[in-house]
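Visitor: I am new to this structure and would like a close look at a single part of it. Please start with one spot and then show me what lies around it.

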Amino acid sequence: MMAYLVFLGPPGAGKGTYAKRIQEITGIPHISTGDIFREIVKKENDELGKKIKEIMERGELVPDELVNEVVKRRLSEKDCEKGFILDGYPRTVAQAQFLEDFLDSQEKKITAAILFEVPEEVVVQRLTSRRICPKCGRIYNLLSLPPKEDELCDDCKVKLIQRDDDKEETVRHRYKVYLEKTEPVIEYYENKGLLKRVDGTIGIDNVVSKVLEIIRWSGK
Ligand code: AMP
């Protein structure tokens, strides 16, 4: 099944969690630009790595040209031929336009842009209680998806950490940036008839079922 998917929604909507589940079930690769940048920051201690780290810690957006370059490289890998789930990209209309042009050049098209709708207060509560495994990237939530043992990853048994940008003040700023820069991307996909809305407050399993339904319908 071909599925070229974009996951949209505010930070904390659960995009990464749903994308990982969908990848497990369908084999469609999950591509998170946030994860790619966190990797770059961890590995590269040069000027670029430092610049990205600073931008992320402030909750601002990495410049479009850089994000686009990174995405182009990743989407050119073999595992993306039959599909991908883009999580956290595009975040600006310029990125959406770039993606469309790039896919055009490969005679591909986005099959659906799925928007996970979640109110600001829910997002703030979720993100400030989110924890991740520094080793495998698995996402937990101290309130809704806690690890079996106190703040340890179920798989790796290492201590979970909080992302620097999940502190309340930064979360609120990221939400503001989302409204300003990413809301126009919703309209962009709506105008193309590709937007599907999913209520992001109905629980992970229910959301995943809805997404699978959308993939089945739009992948034909
Ligand atoms: P995320 O894990 O998707 O919340 O991304 C974490 C941070 O990485 C964001 O707050 C941005 O600083 C940066 N980032 C990730 N994806 C993008 C993107 N598509 N455009 C610009 N910045 C991004």
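**A close look at a serine and the cores**

Guide: Ser129 has a relative accessible area of 8%, so it counts as buried (buried is under 20%, exposed over 50% and partly exposed in between, with a 1.4 Å probe and protein chains only). A word on the background: this is a predicted model, in which local features need pLDDT of at least 70 and side-chain atom pairs count only at pLDDT 80 or more, while totals for chains, interfaces and linings use all residues. Residues are numbered from 1 along each chain as its sequence is written, and side-chain values use heavy atoms, with hydrogens and water left out.

Back to our serine. Ser129 sits in the loop between α6 (120–128) and β5 (130–132); helices (H or I, at least four residues) and strands (E, at least two) are DSSP runs numbered from the N terminus. Setting aside neighbours within four places in sequence, Ser129 is in contact with Tyr140, Asn141, Leu142 and Leu143, where contact means heavy atoms within 4.5 Å.

Now for the wider setting. The chain has eight helices and seven strands, and buried residues make up 48% of its 220 residues. Among contacts with a separation of 6 or more, 71% join residues 24 or more positions apart.

Let us turn to the nonpolar cores. A nonpolar core is a set of buried Ala, Val, Leu, Ile, Met, Phe, Trp, Tyr and Cys residues joined through side-chain atoms within 4.5 Å. The largest one has 32 residues, and Leu8, Leu75, Phe84, Leu99 and Tyr189 have the most contacts inside it. Elements that give two or more residues to this core include β1 (3–8), α4 (64–75), β3 (83–87), α5 (93–105) and α7 (168–191). Its largest share, five residues, comes from α7. Apart from this core lies another, of 25 residues, with Leu5, Ala13, Ile85 and Val118 among them.

Beyond its neighbours within four places in sequence, Leu99 is in contact with Val6, Leu75, Leu86, Tyr89, Pro90, Ile110 and Tyr189. In soluble globular proteins, nonpolar side chains tend to be buried together.

One last stop is Thr182, found in helix α7. Thr182 is buried too, because its relative accessible area is 5%. Not counting residues up to four places away in sequence, Thr182 touches Pro90, Arg91 and Val177.
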